[in-house]
Amino acid sequence: MSREIPLPRDAQITLTQHILRHQSERFRGSLSTLITQIGVAAKVIAAQVRRAGIIEVWGQTGEVNVQGEEVQRLDEIANDTFMSVLEQSGCVAAMASEEEDDWLKVPEAIAGEYLVVFDPLDGSSNIEVSTSIGTIFGIYACSSPPQEEREVLLPGREMVGAGYVIYGSSTVFVYADQTRVDCFTLDPVVGEFLLSRPNLRMPTKLGMISVNEFNEPYWPEWMGALMAELKERNRDERVITGRHIGSLVADFHRNLIKGGAYLYPVDSHNKRGKLRLLYECNPLAFISRAAGGSDTWGAGSVLELHPTSLHQRTGFAVGVKEAIELVERHYKREG
Ligand code: AHM
Ligand code: MG
């Protein structure tokens, strides 16, 4: 007589098992393979990040990227790793990276049916100080391989999935589709991402704000008024605290778990905003909304914007719904 195979008491679900288990509802065809492959790229990058300082991955290459910033060696490694894993996965038709001037078309012989936009190493100014950095990505389905740039410039609301990896005190992989967000933690002993926070929900209570307050002299008036209103809530008791790493992806992750909002408005120094729409703001806005949070560029979700260039910037606020509503109220009144 057959019997069910008992699971060991401490058995944990791996990223691959989780994807296969939810395949029919959540992942179509090669999307499962693509997510698994992104997990592989994440492990390769995590291994390099862990060795930063031991092997020569710190410091700058002397080259300047399309954003006008000096390219750090770890940025290059992360970019090359991500691009090569995506290209070889057989799931991707085209990609766009923060570190590449132009979008990239995968040779037709190995092309798949997805478009992936990514920031290979966000928060790279934190590399040398061993603070959390991460990879952000967004996935679109394409009916046919893109031939021109305009076919890659899709609004964020058309994404089928998005996620990020944080290389921090632990390595975590967060993946979202429209309905749910799951978090996996890399077990360095077995080398697998294990499901650590299933069905993550953003708290509804605002407990922290992440913003670079030393940009205040450049802020539009509404930002000052918004911050004053938030600080006023602390008059009798501290209900909100400030937490800002300067690594968008790590700030977002903390806010997602603890209940916070990240703000980087358009200001007089960043007239179009600092953050990039395609591969920074859109994926995080998508994840925030899937977890019950929200986002805005000031008067609406960034996911509704129709991009006109690959490296387009935008003002951005993301996190707890109540905070985003407050941002929109202030923006409307004074913006
Ligand atoms: P990066 O992709 O070059 O790292 O730039 C984006 C980063 C965000 O991670 C971070 O929150 C922000 O820029 C910090 O900007 P600033 O130094 O102007 O406060
Ligand atoms: Mg970035």
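This is a predicted model: local features need pLDDT of at least 70, side-chain atom pairs count only at pLDDT 80 or more; totals for chains, interfaces and linings use all residues.
Helix α4 covers residues 73-88, which makes 16 residues. At 1.5 Å a residue, α4 should span 22 Å. Its end C-alpha atoms are 23 Å apart, which agrees with that expectation. Just after α4 comes G90, with a positive phi of about 80°.

Positive phi turns up elsewhere too. Most residues other than glycine have a negative phi. S130 is not a glycine, yet its phi is positive, about 55°. Where does S130 sit? Its place is in the loop between β5 (114-122) and β6 (133-141). S130 has 12 other C-beta atoms within 10 Å. A residue with 12 or fewer counts as exposed, so S130 is exposed.

N199 is also not a glycine, and its phi is positive, about 50°. The loop that holds N199 runs between β10 (192-197) and β11 (208-210). Is N199 buried or exposed? N199 counts as exposed, because it has 11 C-beta neighbours inside 10 Å.

Next, the strands. Strand β11 belongs to an open sheet of 5 strands. The order is β12-β11-β13-β17-β15, and the pairing is mixed. Which strands stand at the edges? They are β12 (241-242) and β15 (294-296). Each has a single partner strand, so one side of each is left without a neighbour in the sheet. Strands of a sheet pair through backbone hydrogen bonds, either parallel or antiparallel. Strand β11 pairs with β13 (residues 260-264) in the parallel sense, over 3 bridges. In this pair, M208 stands opposite G260 of β13.

Last comes the ligand. How many residues surround ligand 1? There are 11. The closest are D122, G123, S124, N212 and L248. By class, the shell has 1 nonpolar, 6 polar and 4 charged residues. Why does ligand 1 lie between two domains? Domain 1 (10-197) gives residues to the shell, and domain 2 (208-334) does so too, so ligand 1 lies between them.

Note on methods. Residues are numbered from 1 along each chain as its sequence is written. Chains are lettered from A and ligands numbered from 1 in the order in which they are written. Helices (H or I, at least four residues) and strands (E, at least two) are DSSP runs, numbered from the N terminus. A residue is buried if 20 or more other C-beta atoms lie within 10 Å of its own, exposed if 12 or fewer, and partly exposed in between; C-beta atoms are placed from the backbone. A residue is near a molecule or strand if its C-beta atom, placed from the backbone, lies within 6 Å of it. Ala, Val, Leu, Ile, Met, Phe, Trp, Tyr, Cys and Pro count as nonpolar, Asp, Glu, Lys and Arg as charged, and the others, Gly among them, as polar. Domain bounds come from an automatic or database domain assignment. The expected span of a helix is 1.5 Å times one less than its number of residues. Two strands pair if DSSP finds at least two bridges between them.
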